[in-house]
Amino acid sequence: TGKSESSKTGPVPDPIFTPITLPAGFADYWYQGKAELCTYDVVQERYGEIRQAEQVNIFVTEDFSKSKQVKLDDSGKAGSDRIPVLKLNALRRFETGIYDYSLMQSIFTPTSGMPTLKTTATIQDWCGHVFMQTNLMPDGYRARIFSYFENEGDQDLTLPLVTLEDELWASIRLNPAAIKTGKTKLIPSAFYSRLRHKAVQAEEVEITLDTKEKESLLNIQYTSIPRTLQIRFESSFPYKILGWEESNEGKLASKGTLKASRKSAYWGEHDNIHAPLRDSLLLNQRR
């Protein structure tokens with residue numbers, strides 16, 4: 001299966017892009033064998049009502065395969081196929097009446113400023129689940145959608161090579177000053193398109209960056225669809241995400257506020273004795 005998937009995915013293009021300058025201290029913060037774990041209190045709209053939710057953002061650097069678009073097993077043998085990425089795993093959970101929702105997405109963004117190589121997103125509830133994946137291709141992005149809804153699944157789409165809304169979270173962490181502002185096009189978030197059952201396509205948008213001494217704000221105002229997103233982050237490195245607010249059709253869709261953060265090699269903290277570490281992240285302690 002590995003060869004089959006690789007042949008469908010590659011080769012990855014080398015599009016014209018402006019290399020970004022990573023901030024001083026980047027290596028000391030991101031290349032010490034630890035991930036950054038942040039938890040957020042979230043209010044989430046679903047079915048016309050506001051729910052209490054919780055989100056965990058996990059940022060970590062990885063060595064990625066440029067051709068296969070998967071994490072490398074042996075970086076030392078990869079040669080030119082190795083490409084460093086900043087990965088974001090975002091997990092959001094909330095309840096709707098008797099049943100639960102679980103959302104997760106992964107975004108793999110090269111630290112060079114090259115377009116995001118891959119994203120995946122899944123939405124699960126008691127009715128079923130939906131999965132979406134995008135891969136960078138020579139002619140744009142390939143998007144595949146698998147769903148239990150008849151009118152959504154299964155789809156295999158080609159999207160233009162424009163910025164993904166979901167990659168802006170990593171772009172902030174790499175260098176927010178390098179984000180292109182003004183009128184442009186974005187492919188909206190996978191959480192938005194799948195929860196709202198919207199067609200996946202490039203949309204017109206205007207991006208502004210409001211920089212202040214301690215906190216800055218990235219504003220994303222869509223002009224072709226009724227959607228806005230604001231991301232708050234620290235004005236200085238490491239540009240930690242402090243929160244966000246998104247609206248659809250003029251109504252609140254979700255709002256997140258940072259409640260705890262720590263650096264951790266969490267993949268080794270999986271035994272029962274590590275369970276108390278959850279308290280340091282205030283997990284499962286919603287307002």
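Tutor: Rings of Phe, Tyr and Trp (its six-membered ring) form a pair if their centres lie within 6.5 Å; planes under 30 degrees apart make the pair stacked, over 60 edge-to-face, and the rest tilted. The model discussed here is predicted: local features need pLDDT of at least 70 and side-chain atom pairs count only at pLDDT 80 or more, while totals for chains, interfaces and linings use all residues. Residues are numbered from 1 along each chain as its sequence is written, and side-chain values use heavy atoms, with hydrogens and water left out.

Student: Which residues do ring pairs link into a cluster?

Tutor: The cluster consists of Phe26, Tyr29, Trp30, Tyr31, Phe59, Phe237 and Tyr239. The count of aromatic pairs in the structure comes to 16.

Student: Why is the pair of Phe26 and Tyr31 called edge-to-face?

Tutor: The ring centres of Phe26 and Tyr31 are 5.9 Å apart and the planes stand at 70 degrees, so the pair is edge-to-face. A pair of aromatic rings is described by the distance of the centres and the angle of the planes.

Student: What makes the pair of Tyr99 and Trp126 tilted?

Tutor: Tyr99 and Trp126 have 35 degrees between their planes and 6.1 Å from centre to centre, and this pair is tilted. Helices (H or I, at least four residues) and strands (E, at least two) are DSSP runs, numbered from the N terminus.

Student: Is Tyr99 buried or exposed, and is Trp126 buried or exposed?

Tutor: Buried means under 20% relative accessible area, exposed over 50%, and partly exposed in between (1.4 Å probe, protein chains only). Tyr99 has 18% relative accessibility and therefore counts as buried, whereas Trp126, at 57%, is exposed.

Student: What makes a set of residues a nonpolar core?

Tutor: A nonpolar core is a set of buried Ala, Val, Leu, Ile, Met, Phe, Trp, Tyr and Cys residues joined through side-chain atoms within 4.5 Å. The largest such core here has 57 residues, and Phe59, Trp169, Ile172, Leu218, Ile220, Ile231 and Ile241 touch the most other members. Strand S3 (residues 82-96) gives the most to this core, with six residues. A second, separate core of eight residues includes Ala35, Leu37, Val56 and Leu283. In soluble globular proteins, nonpolar side chains tend to be buried together.

Student: How do you know that strand S1 (residues 35-46) and S2 pair?

Tutor: Two strands pair if DSSP finds at least two bridges between them. Eleven bridges join S1 to S2, and the strands run antiparallel; Asn57 is the bridge partner of Cys38, and Ile58 that of Leu37. S2 (residues 49-65) has 13 of its 17 residues buried and also pairs with S3 in the antiparallel sense over 13 bridges, with Phe59 standing opposite Leu88. S1 also pairs with strand S15 (residues 251-264), antiparallel, over ten bridges.

Student: Is Lys240 buried or exposed, and what does Lys240 touch?

Tutor: Lys240 lies in the loop between strand S13 (227-234) and strand S14 (241-248). With a relative accessible area of 17%, Lys240 is buried. Contact means heavy atoms within 4.5 Å; leaving aside residues up to four places away in sequence, the residues touched by Lys240 include Tyr29, Glu36, Cys38 and Arg173. The C-alpha atoms of Lys240 and Cys38 are separated by 8.9 Å, although the two are 202 residues apart along the chain.

Student: How many disulfides does the structure hold?

Tutor: A disulfide is a pair of cysteine sulfur atoms within 2.5 Å, and the structure holds zero. Cys38 counts as buried at 1% relative accessibility, while Cys127, at 56%, counts as exposed.
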